[in-house]
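My entries follow in the order in which I looked.

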Amino acid sequence: MLTLNNVTSGYDATDVLHGVSITARPGELTVILGANGSGKTTLFKTISGLLPVRDGSIDYDGRSLHRARPNAIVKAGIAHCPEGRHLFGKMSVEKNLRLGSYPHRNSSRTDEIFGEVLDLFPVLKEKAKQPAGSLSGGQQQMVAIGRALMSDPSLLILDEPSMGLAPLVVEQVLASVAQINVNGIAVLLSEQNAKASLAIAHRGYVLAEGRIVLADDASQLLDNSEVQSAYLGL
Ligand code: ATP
């Protein structure tokens, strides 16, 4: 289980997260909702060690992570698929995917997970030798998610995976996210599509100006009038 206890972090002289406490339980899909600039990306970068924890603590499966380096956090089982994909466009799809396997490079597990990623995203089988930059936006998002899965995580952090994608592709990407979770990997997801993400989530949090303002079961959040007016357009 991932537990953040009163975490503060930010950039330079500015704190962006102010005492954030959340949990992401094993095997569950946890969604973080929040307007642009509320701190979702900052939260994820702090969990994965890309930003230092200024106050508070982060534990994963009983292990303290708030002073750990990013590569140690990946080795502890947390993979971060960043907003905006960050693929190497001229490199092949397969090479991009295999870059994610560095925690267990050269082990037979690498080929096994590579096969699992291609089973999850069959369209990538025929594109494996093509430059990642030649793929459609949705396919590139699959590569970004697949690359994170290549580290063999027990928790996958996904920062706005449907950003900029057409509605039909958003549905496909979120269906894949649900499948990853059904396969046994816990997911911590931020999404602009509040309704679609709550529909596949177990738990959800609402972040506003760097503070958690609501925490509940996803089904309760779907029925919550504040959430409905702020995020579901109802
Ligand atoms: P979005 O949905 O737009 O990505 P978000 O909820 O992920 O928003 P963050 O990107 O975490 O929000 O931004 C939270 C706050 O931190 C914003 O006020 C933003 O301007 C600020 N911020 C983000 N990145 C930096 C940075 N590198 N340096 C300084 N301030 C930053």
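I looked for aromatic pairs and found zero in the structure, where rings of Phe, Tyr and Trp (its six-membered ring) pair if their centres lie within 6.5 Å, with planes under 30 degrees apart counted as stacked, over 60 as edge-to-face and the rest as tilted. I keep in mind that this is a predicted model, in which local features need pLDDT of at least 70 and side-chain atom pairs count only at pLDDT 80 or more, while totals for chains, interfaces and linings use all residues. Residues are numbered from 1 along each chain as its sequence is written, and side-chain values use heavy atoms, with hydrogens and water left out.

I then checked for charges over rings (NZ of Lys or CZ of Arg within 6 Å of the ring centre and within 35 degrees of the ring normal). Arg 98 lies over the face of Phe 114, 4.3 Å from the ring centre, and the charged end of Arg 203 sits over the ring of Tyr 205, at 5.8 Å from its centre.

Oxygen atoms of the ligand lie 3.1 Å from a polar side-chain atom of Asn 36, 2.9 Å from a polar backbone atom of Gly 39 and 3.2 Å from a side-chain N or O atom of Glu 83. The protein covers 59% of the 630 Å² of accessible area (Shrake-Rupley method, 1.4 Å probe) that the ligand has on its own.

Key. A polar contact is a pair of N or O atoms within 3.5 Å; within protein, one must be able to donate a hydrogen and the other to accept it, and residues adjacent in sequence count only if both atoms are side-chain atoms.
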